[in-house]
Amino acid sequence: MITNADPTDIFRQEAGELLEQLEAALLDLERSPGDRDLINTAFRALHTIKGSGAMFGFEQVAAFTHEFESAFDRVRKGDAAPDPELIAIALNAKDFIRSQIESPEEADAVIGVCILADLRKLVANAVAAPSGAGAESPAAPAGD
């Protein structure tokens, strides 16, 4: 049993473990984008980081993670696919959360704003696309 432990240190340790779970789920989603268990694992990790961050005074972590969680909820609901572009942005978001937790004074808020803008844009475009768009070949490479 841990006694006299600093709550901030406990949060950082738990958040680190959740970020590892999130990263593993995201990397596995790249190989198995239809795996609902992986999508739910990623969402739960985000949800817990958000709640714990708010509880332990990491308001910026909670706010950023809330936005990330909201975008990922669209994936959970089937409104957006966990495609390679979304996974790449999500991994960047995960890294930004880690920097906010480990070195909050060094975390560049502009980077977070840009990551969230990319997430919002990607999810909005997925929602705006007609269902079945691109369904002719799921392995077809994206344009650009």
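Tutor: Let us begin with a helix contact: Gln60, Val61, Phe64, Thr65, Phe68 and Val75 in H3 meet Leu86, Ala90, Ala93, Lys94, Phe96, Ile97, Gln100 and Ile101 in H4, where contact means heavy atoms within 4.5 Å. The model is predicted, so local features need pLDDT of at least 70 and side-chain atom pairs pLDDT 80 or more, while totals for chains, interfaces and linings use all residues. Residues are numbered from 1 along each chain as its sequence is written, and side-chain values use heavy atoms, leaving out hydrogens and water.

Student: Why are H3 and H4 called roughly antiparallel?

Tutor: H3 and helix H4 (residues 84–102) pack at an angle of about 160°, with their axes 10 Å apart. Angles under 35 degrees count as roughly parallel, over 145 as roughly antiparallel, 65 to 115 as roughly perpendicular and the rest as oblique, and H3 and H4 are therefore roughly antiparallel.

Student: What makes the pair of Phe68 and Phe72 edge-to-face?

Tutor: Rings of Phe, Tyr and Trp (its six-membered ring) pair if their centres lie within 6.5 Å, and planes under 30 degrees apart count as stacked, over 60 as edge-to-face and the rest as tilted. By this rule there are 4 aromatic pairs. The ring centres of Phe68 and Phe72 are 6.5 Å apart and their planes stand at 80°, so this pair is edge-to-face.

Student: How do you know whether Phe68 is buried or exposed?

Tutor: Buried means under 20% relative accessible area, exposed over 50%, and partly exposed in between (1.4 Å probe, protein chains only). Phe68, at 0%, therefore counts as buried, and Phe72, at 2%, is buried as well.

Notes: Axes are lines fitted to C-alpha atoms, for helices over the stretch in contact, and angles run from 0 to 180 degrees between N-to-C directions. Helices (H or I, at least four residues) and strands (E, at least two) are DSSP runs, numbered from the N terminus.
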